[in-house]
Amino acid sequence: MLKLAVIIPAAGSGTRMGSRLPKPFIKLGNVPILAHTLSSFLEIPDVVQVIVATSKEWFDEVENIYSSLNAQGVQFAVVEGGSERQFSINNAFSALSEEIELVAVHDAVRPFIKKELIIKCAEEASRVGAAMIGVPAKDTIKKIDENQVVESTPDRRFLWQAQTPQIFKREILEKAYASAIKDGFLGTDDASVVERIGQKVKLVEGDRENLKITYPVDLKIAELILNEEELF
Ligand code: C5P
């Protein structure tokens, strides 16, 4: 596999969680959510660099979390996050080491990503140029207008929920981000940024345990998943 760097955006505010602590630093089991997330990537031999984007006041905490993990030989950097997720990721590009060929972006708040899925996604990205994890939509999705009146119902067979990691050849991601910044485009994931420049993105089917901890109910589900993992 190509040499892989992982960018972890961890600069969200936690508004939807209704918590004082930003989500990546909330404890899940005995350690912060971010520690679980980082551990998953540190299990992969091709990961040669980890970059976390967060606000300055959390730099020390991120350093502490990282040094508590088994990360021998992996380069590490913390960079300042931005006001939007996309800006946080863009800031991380400046810290990318020269040798990096593939870049994975993974939300700090998805602690249950499985090693096999990261590897599968990276293999597809090496082949196609861009790949991401997703799952088929389980709910019917409605498109609404500004008055919250339903406009249409897209066929659910063709709707998937985007997750992370999303993995790209380095030059594709950098080019797509530069174009998005020039045009003022703001996407809610990284694939939408590279789709804009005509790049094909392969969808790799993931699993529903790779949840994004966003609302208080997600934290309850995460505790259940963690307890089950510890039983086996
Ligand atoms: O806000 P959203 O749920 O899309 O956040 C996904 C991830 O992006 C979280 O890990 C969050 O910490 C991060 N984020 C960021 N910078 C922002 C907003 C979100 O790094 N300005």
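Arg 110 forms a salt bridge with Asp 107 (a side-chain nitrogen of Lys or Arg within 4 Å of a carboxyl oxygen of Asp or Glu), the closest N and O atoms being 3.1 Å apart. Both Arg 110 and Asp 107 are buried, where buried means under 20% relative accessible area, exposed over 50% and partly exposed in between, with a 1.4 Å probe and protein chains only. The structure is a predicted model, in which local features need pLDDT of at least 70 and side-chain atom pairs count only at pLDDT 80 or more, while totals for chains, interfaces and linings use all residues. Residues are numbered from 1 along each chain as its sequence is written, and side-chain values use heavy atoms, with hydrogens and water left out.

A second salt bridge joins the side chains of Lys 114 and Asp 207, at 2.9 Å from N to O. This pair links distant parts of the chain, 93 residues apart: Lys 114 is in the loop between S6 and H4, and Asp 207 is in the loop between strand S11 (202-205) and helix H7 (216-231). Helices (H or I, at least four residues) and strands (E, at least two) are DSSP runs, numbered from the N terminus. Lys 114 is partly exposed, with a relative accessible area of 30%. Salt bridges with shared partners join Arg 85, Asp 107, Arg 110 and Asp 190 into one network.

In the whole structure, 13 salt bridges are found. One of them pairs Glu 99 with Lys 3, with 3.6 Å between the closest N and O atoms. Glu 99 lies in the loop between helix H3 (85-93) and S6 and Lys 3 in the segment before S1, so the pair ties together parts 96 residues apart in sequence. Glu 99 is partly exposed at 34% relative accessible area, and Lys 3 is partly exposed at 37%.

The ligand is surrounded by 15 residues (a heavy atom within 4 Å), the closest being Pro 9, Ala 11, Gly 12, Arg 16 and Ser 88. A polar backbone atom of Pro 9 is 2.8 Å from an oxygen atom of the ligand.

Definitions and conventions:
Polar contact = N/O pair within 3.5 Å; in protein donor to acceptor, adjacent residues only side chain to side chain.
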